Amino acid sequence: MKKIAILGSTGSIGTQALDICRRHPDRYRVTALTARGSREKLFEQVREFRPEMAGLTEGIDPAEIPEDLKFCRWMTGQEALHAAAAEVEADKVLVSIVGIAGLRSVMDALGAGRQVLLANKEALVTGGHLVTDLAKKIGKPLLPVDSEHSAIFQCLQSAGGNRAEKILLTASGGPFRKWEKERIEKATPAEALKHPNWNMGAKITVDSASMFNKGLEIMEARWLFDMPEDRIEVVVHPESIVHSAVVFRDGAVLAQLGLPDMRVPIGYAMSYPERLETGVAEPDLFALGSLTFEKPDEKKFPALRLAREALRAGGAACTVFNGANEEAVAAFLREEIAFGEIARRVENAMEKLSGLPADNLEEILDADRRARELVRC
Ligand code: MG
């Protein structure tokens with residue numbers, strides 16, 4: 001029986017992780033659940049899974065906690081995240097909160113010697129050097145939940161210690177793959193929110209449309225697999241069946257295939273090195289018939305070029321890339337800026353804030369703050 005703490009339990013990843021816990025009550029005991037503000041949903045989860053601790057980071061008046069849920073310790077704010085990551089008993093901590101807050105939680109969990117199941121991109125993007133060092137120190141590898149990185153991780157499990165020469169990071173291409181540059185420039189939030197294959201939150205869906213998500217994933221792969229950016233190739237694969245692949249020196253390519261369903265990577269991170277029944281069917285290859293692959297168009301999607309520039313620049317450049325993008329996406333969703341303006345704001349922030357250090361959490365949070373301020377005004 002493994003004890004698991006879930007940070008961000010009411011989001012898309014968190015609810016699917018709980019679905020796996022529900023299928024395997026003999027294997028997982030949920031010890032902590034946290035959410036930002038979805039209190040009704042969290043109440044339901046606490047009622048069902050009966051964790052020792054529950055947290056609402058946005059805060060809650062103790063009088064609002066239902067009588068029957070008072071068996072568990074309720075916490076709020078940053079303290080709730082810290083307790084769930086590092087204090088409550090747990091073998092595994094699933095970090096599926098969104099944003100740079102994830103970095104602190106991942107560091108807390110690793111600092112407490114726990115295995116981290118990583119569904120938060122920002123921790124690696126902004127503090128990849130810090131978290132990979134910590135994970136190495138405690139001898140518990142970070143288990144990626146992002147579907148592409150899970151695929152790469154799965155392929156490497158059968159490599160018998162051979163290092164990959166190259167990573168092929170697949171991308172759906174998003175809803176604007178076939179659009180002209182001018183049309184993409186003026187795309188609306190409603191258009192950006194129509195993802196062809198995956199059902200995700202608004203921010204990440206916009207990031208998929210702009211390919212900023214793939215830029216962030218190049219950064220994740222760089223740290224998770226200790227691979228320089230020039231050996232991480234983005235391959236547009238609209239069917240989202242091949243979730244990524246690795247190339248070995250003998251020319252062999254290993255890929256992981258499956259339906260686009262996050263329960264597979266979540267389940268694998270939860271049960272690694274075993275595999276569990278997840279309720280996900282195998283892809284019907286005969287119905288699919290063919291799989292297609294294209295080179296990404298970096299003129300239409302400048303995010304990929306900017307991500308590589310940020311990785312080469314080092315320091316806090318990836319933090320600036322991430323913070324600036326997040327603010328620009330928020331402004332786009334409020335219909336204050338055009339879709340094409342997102343990348344321009346990010347590039348501008350990277351130019352204005354070049355050379356910032358990222359040697360510790362404080363410096364990283366400071367770079368993040370400065371990038372956001374710059375984009376906001
Ligand atoms: Mg992904």
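**Exercises on a predicted model**

Of the 377 residues in the protein, 55% are buried (under 20% relative accessible area, with a 1.4 Å probe and protein chains only). The model is predicted, with local features needing pLDDT of at least 70 and side-chain atom pairs counting only at pLDDT 80 or more, while totals for chains, interfaces and linings use all residues. Residues are numbered from 1 along each chain as its sequence is written, and side-chain values use heavy atoms, leaving out hydrogens and water.

**Exercise 1.** Find which residues coordinate the magnesium ion.

*Solution.*
- Take as donors the N, O and S atoms within 2.8 Å of the metal (3.2 Å for Na, K and Ca); water is not among the atoms, so the site may look incomplete.
- D146 (OD), E148 (OE) and E217 (OE) coordinate the ion at 2.0 to 2.1 Å.
- Along the chain, the spacing of these donors is D-x1-E-x68-E.
- E148 belongs to helix α6 (residues 147–157) and E217 to helix α10 (residues 212–224), so the pair ties together parts 69 residues apart in sequence. Helices here are DSSP runs of H or I with at least four residues, and strands are runs of E with at least two, numbered from the N terminus.
- Both E148 and E217 are buried.

**Exercise 2.** State the strand order of the open sheet and name its edge strands.

*Solution.*
- Count two strands as paired if DSSP finds at least two bridges between them.
- The 7 strands run in the order β4-β3-β2-β1-β5-β6-β7, with parallel pairing.
- The edges are β4 (73–76) and β7 (143–144), each pairing on one side only.
- Inside the sheet, β2 (residues 28–35) and β3 (residues 53–56) pair over 4 bridges.
- A35 stands opposite L56 in β3.

Definitions and conventions. Buried means under 20% relative accessible area, exposed over 50%, partly exposed in between (1.4 Å probe, protein chains only).
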